Amino acid sequence: MDFEGVPDRHTQYLFGLLTCEAAPGCYQAFWADTDADEARIWRDLTTTLESYPDAPIYHYGHYEARAITALAKRHGTSADPLLERLVNLNAYVFGKVYFPLRSNRLKDIGRWLGVPWPTDGASGLDSLVWRRRWEDNRDDESKQLLFAYNESDCRALRALANELTRLHDTGAEEPSVDFTTKPKRYTTDTGERIHRQFETILRSASAQYEHAKISLCDDEPERPDEKRRVGAPVGHPGHHRIQPRARKVVQVLPLQECPRRGQSPLQASATLAEKTIVDLVFTDSGCRKTVTKYVGARAYCRRCKRSYLPPGISDLLHSDFGHGFQAWAIYQRLALRLPYAAIVQAIYEQFQERVNSSTIVNFVRYFARDYAEAEERCLQQLLCSPFIHADETKISIQGVNQYVWVFTDGSHVLFRLTATRETAVVQELLAGYSGIPITDFYGGYDAVPCRQQKCLVHLIPGPQ
């Protein structure tokens with residue numbers, strides 16, 4: 001069923017076309033001039049649909065459900081029996097099926113499937129023009145164009161339903177159809193063996209492989225020549241930083257149990273470990289730099305023949321700078337949008353600390369890790385809100401276009417970065433959401449299975 005191009009009270013002049021799976025090729029046209037005609041059309045429409053009680057009603061987008069609800073309320077009937085039979089093919093295309101086209105508009109897909117329209121480039125705006133011409137001068141040609149236009153929409157919808165069914169049934173055997181999650185391989189037996197060998201290499205080459213694999217610990221101590229080389233990788237520009245003098249010393253407790261042996265107690269060692277942290281303390285009048293040295297005894301395990309740092313020091317090894325210092329640098333980058341070189345210079349001029357650009361990048365990485373739990377709480381607060389504003393914008397990162405997605409309820413804000421404008425991230429975040437997303441008129445949001453509202457600001461006409 002397709003009501004595209006029909007004004008909404010608008011439906012006082014209702015034009016609809018109906019196609020049922022139970023009656024292939026059967027289209028019925030309705031034309032209304034008055035409210036009485038509309039009531040008659042609504043009765044004829046529901047009677048026709050009741051003739052095929054087991055047939056699904058295909059549509060594309062969310063307009064049809066809203067139109068049926070409005071008409072049922074206007075004419076004092078129940079819309080539930082019809083709404084339960086609606087099948088939105090839009091939800092089966094966006095983010096799931098990629099046709100060789102630049103968009104997922106029904107007309108583009110329909111033309112690709114071989115469905116013609118009465119005129120080239122026909123759109124919903126043309127249908128409104130044809131209707132107005134008929135109202136003004138009873139131009140029968142405009143009426144026939146409108147009939148043909150809507151019938152083509154229905155035929156395109158049916159062709160799309162058939163194509164999706166065919167892809168589901170035979171797509172795995174067709175050479176022209178591929179899958180993003182498991183690409184097909186068209187190789188010989190020798191090529192298949194090479195693919196399997198490469199898969200084994202890739203599994204072992206992942207960054208988490210050393211942490212995920214099973215390893216056995218022996219009681220032999222490490223040989224001196226097996227110790228990891230300290231310093232920057234070969235060819236990497238070195239960065240020498242003078243250790244600042246601490247004004248405050250904090251004693252930390254040693255580790256009590258061996259992390260490798262479970263309950264095995266550790267022996268206190270006379271060897272001390274220390275870590276100096278530069279941080280910022282914020283006050284109402286500004287901020288000041290602090291330098292704190294953390295000192296604690298190493299602990300030794302006789303069974304592992306290893307010594308371990310105190311937890312209060314091992315947790316600080318990833319950086320020489322504290323939480324406040326890192327937050328200040330990240331604020332300069334994200335909120336003030338200063339380039340890395342300017343932030344490095346500002347840190348030296350204001351705090352007499354030498355850092356490089358990669359240090360600031362690492363600050364962002366540390367915060368992303370530490371605030372993952374806060375981000376999850378923010379998401380849960382958003383999902384509890386009765387509404388969520390969602391939008392996306394394109395940005396360029398090192399010459400490559402990316403998309404930033406923004407979700408907010410007015411109090412909480414969540415950002416996501418994707419390489420494309422596909423709405424898979426929206427469907428993932430709003431899965432099971434019972435509120436109302438408020439979005440612009442980008443068709444990708446129609447794939448989210450919940451009630452929606454379009455942003456009214458987008459209805460304001462721009463400058464002529």
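Let's start in β12, where the bridge partner of Phe387 is Ile436. Phe387 belongs to strand β9, residues 387-397, and three bridges join β9 to strand β12, residues 436-439, with the two running parallel. As for terms, strands are DSSP runs of E with at least two residues, helices are runs of H or I with at least four, and both are numbered from the N terminus. Two strands pair if DSSP finds at least two bridges between them.

A quick word on what you're looking at: this is a predicted model, where local features need pLDDT of at least 70, side-chain atom pairs count only at pLDDT 80 or more, and totals for chains, interfaces and linings use all residues. Residues are numbered from 1 along each chain as its sequence is written, and side-chain values use heavy atoms, with hydrogens and water left out.

Back to the strands. β12 also pairs with strand β13, residues 453-454, in the parallel sense over two bridges. There, Thr439 stands opposite Lys454 of β13.

Now for the helices. How do α12 and α13 cross? Their axes come within 9 Å, at roughly 100°. Axes here are lines fitted to C-alpha atoms, for helices over the stretch in contact, and angles run from 0 to 180 degrees between N-to-C directions. So α12 and α13 are roughly perpendicular to each other, a label for angles of 65 to 115 degrees; under 35 counts as roughly parallel, over 145 as roughly antiparallel, and the rest as oblique. On the α12 side, the contact (heavy atoms within 4.5 Å) is made by Tyr340, Ala341, Ile343 and Val344, and on the α13 side by Ser357, Ile360 and Val361.

The loops on either side of α12 have some backbone angles for you. Most residues other than glycine have a negative phi. Arg337, in the loop between α11 (323-334) and α12 (340-351), has a positive phi near 60°. Gln352, in the loop between α12 and α13 (357-370), also has a positive value, near 55°.

Are these two buried or exposed? Arg337 is exposed, with a relative accessible area of 70%, and Gln352 is exposed at 51%. The cut-offs are under 20% for buried, over 50% for exposed and partly exposed in between, using a 1.4 Å probe and protein chains only.

Last stop: Thr292 in strand β7, residues 286-301. Thr292 is buried, at 11%. Leaving aside residues up to four places away in sequence, Thr292 touches Ala246, Lys248, Val250, Lys275, Thr276 and Ile277.
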